[in-house]
Structure formats: C-alpha cells, structure tokens
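Student: I would like to learn how to read pockets and cavities. Can we work through an example?

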Amino acid sequence: MLRTPNAERRTILAKNSERHISFWLDEALLQVESSPLGKVLFGGERVEEISSYVAGWMVSHGIETIVLDGANRFDPYIVSSFARKILIPPEDLLHRIRIARAFTCYQMATLMGEKLVSLLMEDNVMVRAQKPLVILLGPLTTFLDEDVPEREVSPLLERSMRKVESLAAEGIPFFLFQSFLPPHARRAYLMRKLFEFSNVVWRVSLDDEGPKLVMEKGLASNDGVERLGVKVRKPGGVKVYG
C-alpha cells in the first residue's frame, strides 16, 4: 500500500513522539520517588498509554504499584517495551504490578472501596514507610455509561472519591489518568468533580514539537519551582514542559 506524504509524516511524528514521551516521563518521574503529590490527575492525549508506562517505571524503581483499570486500557506491551529498554526481563516488572479491572461503575466503585482496601492490607502494606502507588486508570469511564440512571451516577462516584480521599490522607499516593471530556458532554460535570477532587492537575498534549505538560491546578512559588520535571512559572503564567 502506498503511503501519502501526510501519512508518512504522521508515522514519523508518532515515532518521534514516542521517543519524546519516554524521555519526558523519565525526567518527570524522577521527581516522584522523593516527593509524592497526593492525588495527581493526568488528563489529555494518550494518557491511557502513559499510565502503563508509569506503572512499569514505578515498579522498576521499587515502588509497589496497584492499577485499578476502569477503561480496560492497561497495556502490558508498553510495560514490556519499557523493561527491554532498561534491560530487565518484562515478566519481572509485570509480576510486580497488581491489576484489577472494572467493566461497570458499580464494579469500579467496589474496586475503589473494598477491593483497594483489601489489596493495601495484604502483607501489611499500610504500615510500611514506603506506601504503594495506586493508579486509577479511567476513573470516570464506567460512570459515563448512559444505561446507568443519572440519579445513581453522582452519589456512587462521590462515595468512591471519599474512600480514596481517606486512603490518601493515610499517605497512599494516587495517580489518576483520564481523557478529558468535552465541555458539552452529557456528564461533563463528572470531569469537574474529578478536577476539584485532585490536588494537582496536569494536561498532557502532543503536537509537532513533542509532548507538553501544562499545570492546570496546583501550587507554585512566585519564583518558580520544579515539579515532576516541569518548570512551573508564577501562578497565572504559562506552565509548560516541552
């Protein structure tokens, strides 16, 4: 099949983007080990893929990782690719990532409540100095199912968030990965709830110049600080890594 110039260009950009994303994440995640940031939301483009990379990176640095997948998008091949890059057998990383999947909002609520508590209590995880990282992949995705009555969606999500909030208060760090919803979407208000719930919000965007990470919510000093490998300027200014 012949490729048009535009198709060829998109292929090259995709390969370049993958390299940029790997470098960008490696640089950013080096900051995470020493200073977990509570409930951190990553939203935007390809965040599902990024979550799989983050899981592999974390366990490779000795940080236990639990993935609650409500989007059915966790990709073990991305973890395997990362493992080969750092010369580690892929199974060594994959075996250290605990994954639980949900296909309905009721299942996701159960994962964020009873199941997560059960996983955290295994091997006395809660009493360790180094707490495991919990990745919530697509925390809203199952709640967007239009077959679920509107009157049940918000209360169910809020109960789940309260449970996560209580665990975060005990020192469990949470990374949330969710594609942003269009403002006109029927349940766009759920995205606003997730935004308010998170301590820090980063928007991920990909363009011809490579990936960018823009802080949309969080604290920054007037002089500028480094957070997750991203230069943060004065509050109200442009906050971009690229």
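Student: What volume does the second largest pocket have?

Tutor: About 160 Å³. A pocket is an open set of points on a 1 Å grid over the protein atoms alone, with protein on both sides within 12 Å along at least five of seven lines. Points join across faces, edges and corners, and the volume is the space filled by probe spheres set on them. This is a predicted model: local features need pLDDT of at least 70, side-chain atom pairs count only at pLDDT 80 or more, and totals for chains, interfaces and linings use all residues. Residues are numbered from 1 along each chain as its sequence is written, and side-chain values use heavy atoms, without hydrogens and water.

Student: Which helix gives the most to the lining of that second largest pocket?

Tutor: Lining residues have an atom within 4 Å of a point. Helices are DSSP runs (H or I, at least four residues), numbered from the N terminus. Here H7 (residues 188–197) leads with four residues. The lining includes Ala 188, Met 191, Arg 192 and Phe 195. Arg 203 and Glu 216 also line this pocket.

Student: How many cavities of 30 Å³ or more does the search find?

Tutor: Two, across the whole structure. In a cavity, a 1.4 Å probe fits but cannot get out. The second largest cavity holds about 30 Å³.

Student: Which elements give two or more residues to the lining of the second largest cavity?

Tutor: Helix H6 (150–169) and H7. H6 gives the most, three residues. Among the lining residues are Leu 157, Met 161, Val 164, Leu 194 and Phe 197.
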